[in-house]
Amino acid sequence: MRKIILSLAVASLAAGALSSCGSKNETASAEDKAFADSVATAFGQFAAVQQQTNFTRMKAQLTPEELAKFDKEAFLKGLKDVLTADTTKTSYFMGLSTGMQLIQPIMSLNQQYGYPIDADVVYEAFKKVYMQDSIANPEEFYTAYQNISQQLQERINAREEKRIAESKENKENIAKGKAYVAKMVKEGYTKAPSGIVYKIENAGTGDKVKAADRVKIFYHGKKTDGTIFDETKDNPYSSSASAFIPGFNEALTMLGKGGKMTVVIPGELAYGLSGAGNLIGPNETLVFDIEVVDVEPAATPAAAPAAKK
């Protein structure tokens, strides 16, 4: 899920740096002025490259409508207004800096998540607290902010989950997964009560793997269309037997040392609605070939000493 972090930290701007920024030193030598112009050019060019890079990233996240609203000329005007402003007004620049930090989460909540955050309400709330001579209990505000941030994150997550659940990709993945499971059952695979479908080539020897054990395994993971998304190579993978996705954890408990099987794991027992990055979509059914190389049983708790009579 995408997470929004409301960072309201205010940058502290040194008064001396502000008062000197942008001003011209008429006593500087011609050589210093020329060098200063070189510094200024390099500084401006470097900042422009950074901003252009950020803009390129931003374009990939915007809809065509949102992108059409972005005006580079307006951006340059804002930049020039700041660079050529009266920098002796330290307080104004501190307020401007704080406002720029506040407007970013406001825009994000408005545009990306549909919460109509009113900038005037933010301003009035800020002003009421800021104009006090002192704040008797700042922890009260911190706690309130943390609580509302948690509620906000929960609401955003719920909306995102609903969006994904209703998406075409999710519905198609569920349908494809059900069809694949049905196909494998017809081909002789066994369906467990949980919903996984499996075929054991070799059950292995000794006790079956338990959740608390550690295992060394080879595995080969693919999608139902045969696309490989993960696999071990020359060396087995070592891990707790309960550290995998739910369907994989269950499959391991069917094998002993040396055991081999193929298991089909429906999306809800794999990576679920969230998927896994760009590799695995929401509720995508996965297929694993698993071989248990070794099993290290969990340590047995030492028995309590007998009570003295």
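Modeller: One cut-off is needed at the outset: a residue counts as buried under 20% relative accessible area, as exposed over 50%, and as partly exposed in between. Please keep in mind that this is a predicted model.

Biologist: With that cut-off, are Lys223 and Glu284 buried or exposed?

Modeller: The side chains of Lys223 and Glu284 meet in a salt bridge, at 3.7 Å from N to O. This pair links distant parts of the chain, since Lys223 belongs to strand β3 (residues 214–223) and Glu284 to the loop between β6 and β7, 61 residues apart. By the cut-off of under 20% relative accessible area, Lys223 and Glu284 are both buried.

Biologist: How many residues apart in sequence are the parts that Asp294 and Lys257 tie together?

Modeller: The side chains of Asp294 and Lys257 also meet in a salt bridge, again given as 3.7 Å from N to O. Asp294 lies in strand β7, whereas Lys257 lies in the loop between α9 and β6, so the parts tied together are 37 residues apart.

Biologist: And what separates Asp81 from Lys77 in helix α4?

Modeller: Asp81 forms a salt bridge with Lys77, and the closest N and O atoms are 3.1 Å apart. Asp81 is partly exposed, at a relative accessible area of 42%, while Lys77 is exposed, at 55%. Because the two residues are four residues apart in helix α4, what separates them is about one helical turn.

Biologist: What is the area of the nonpolar surface patch that includes Leu76?

Modeller: Leu76 has its place in helix α4 (residues 72–83), and with a relative accessible area of 45% this residue is partly exposed. Together with Phe70, Phe75, Leu79 and Leu83, Leu76 makes a nonpolar surface patch of about 440 Å².

Biologist: How far apart are the end C-alpha atoms of helix α5?

Modeller: Helix α5 (residues 90–111) has 22 residues, so at 1.5 Å a residue the helix should span 32 Å. Its buried residues include Phe93, Leu102 and Ile106.

Biologist: Turning to the strands, which residue in β6 stands opposite Val197?

Modeller: Strand β2 (residues 197–202) runs antiparallel to β1, to which two bridges join it, and β1 and β2 form a hairpin with five residues between them. Five bridges join β2 to strand β6 (residues 260–265), and these two strands also run antiparallel. Opposite Val197, the residue in β6 is Val264.

Key. Residues are numbered from 1 along each chain as its sequence is written. This is a predicted model: local features need pLDDT of at least 70, side-chain atom pairs count only at pLDDT 80 or more; totals for chains, interfaces and linings use all residues. Side-chain values use heavy atoms; hydrogens and water are left out. Patches are made of residues with over 30% relative accessible area and no salt bridge: like charges are joined within 9 Å, nonpolar side chains (Val, Leu, Ile, Met, Phe, Trp, Tyr) within 5 Å. Accessible areas come from the Shrake-Rupley method with a 1.4 Å probe; for residues, only the protein chains shown count as cover. A salt bridge is a side-chain nitrogen of Lys or Arg within 4 Å of a carboxyl oxygen of Asp or Glu. Buried means under 20% relative accessible area, exposed over 50%, partly exposed in between (1.4 Å probe, protein chains only). Two strands pair if DSSP finds at least two bridges between them. The expected span of a helix is 1.5 Å times one less than its number of residues.
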